[in-house]
Amino acid sequence: MTVQASSLCVLLVVLLGTLLVKSEPRPRARPTPIYSNQFAVHVPDGPDAAADIAAKYGFDNYGQVSLIVCM
C-alpha cells in the first residue's frame, strides 16, 4: 500500500501542478498595424559613408546607436 499511496501522491501533485501553471497569454489583436518612422542600419564603411547615404536619400543621420564589442 505504501508504494501505491506515494505514486498516487506524486500523480496528484503533477496533475495539480499542470492545472496551476499559467500559460502565456496570446498577443492581442490590433485593429491597425503600428509603423515606426525610426530605424537603424549597419554601414560597414563608417560614419562618413552613413552620413553620405542618409543625405543622398533624404534621411536624418543621428549617429551611432550603440557599440557592441565581441571578444
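Start by selecting Phe39, Val41, Ile53, Tyr57 and Phe59: together they make a nonpolar surface patch of about 600 Å². The model you are looking at is predicted.

Within that selection, click on Val41. Val41 sits in the loop that runs between α1 (2-20) and α2 (47-57). Is Val41 buried or exposed? Val41 counts as exposed, because its relative accessibility is 63% and the cut-off for exposed is over 50%.

Next, show the aromatic rings. How many aromatic pairs does the structure hold? The structure holds 1. To see the pair, select Phe39 and Phe59: their rings are arranged edge-to-face, with 5.6 Å from centre to centre and 85° between the planes. This pair links distant parts of the chain, 20 residues apart, with Phe39 in the loop between α1 and α2 and Phe59 in the segment after α2. Colour the two residues by accessibility. Phe39 has a relative accessible area of 60% and is exposed. Phe59, at 48% relative accessibility, counts as partly exposed.

Move on to α2, which spans 47-57. Which residues of α2 are buried? Select Ala49, Ala50 and Ala54; these are the buried residues of the helix. Turn the view so that you look down the axis of α2: the buried residues fall within an arc of 135°, so they line one face of the helix. As a general rule, an α-helix has 3.6 residues a turn, so residues three or four places apart point the same way.

Follow the chain past the end of the helix. Just after α2 comes Gly58, where phi is positive, at about 80°.

Finally, zoom out and select the whole protein. In cartoon view, look for 2 helices and 0 strands. Of the 71 residues, 6% count as buried; Ala49, Ala50 and Ala54 of α2 are buried residues you have already visited. Switch to a surface view to end the tour. The protein exposes about 7800 Å², and carbon and sulfur atoms supply 63% of that area.

Conventions. Residues are numbered from 1 along each chain as its sequence is written. This is a predicted model: local features need pLDDT of at least 70, side-chain atom pairs count only at pLDDT 80 or more; totals for chains, interfaces and linings use all residues. Side-chain values use heavy atoms; hydrogens and water are left out. Patches are made of residues with over 30% relative accessible area and no salt bridge: like charges are joined within 9 Å, nonpolar side chains (Val, Leu, Ile, Met, Phe, Trp, Tyr) within 5 Å. Accessible areas come from the Shrake-Rupley method with a 1.4 Å probe; for residues, only the protein chains shown count as cover. A salt bridge is a side-chain nitrogen of Lys or Arg within 4 Å of a carboxyl oxygen of Asp or Glu. Helices (H or I, at least four residues) and strands (E, at least two) are DSSP runs, numbered from the N terminus. Buried means under 20% relative accessible area, exposed over 50%, partly exposed in between (1.4 Å probe, protein chains only). Rings of Phe, Tyr and Trp (its six-membered ring) pair if their centres lie within 6.5 Å; planes under 30 degrees apart count as stacked, over 60 as edge-to-face and the rest as tilted. The arc is that of the directions from the helix axis to the C-beta atoms.
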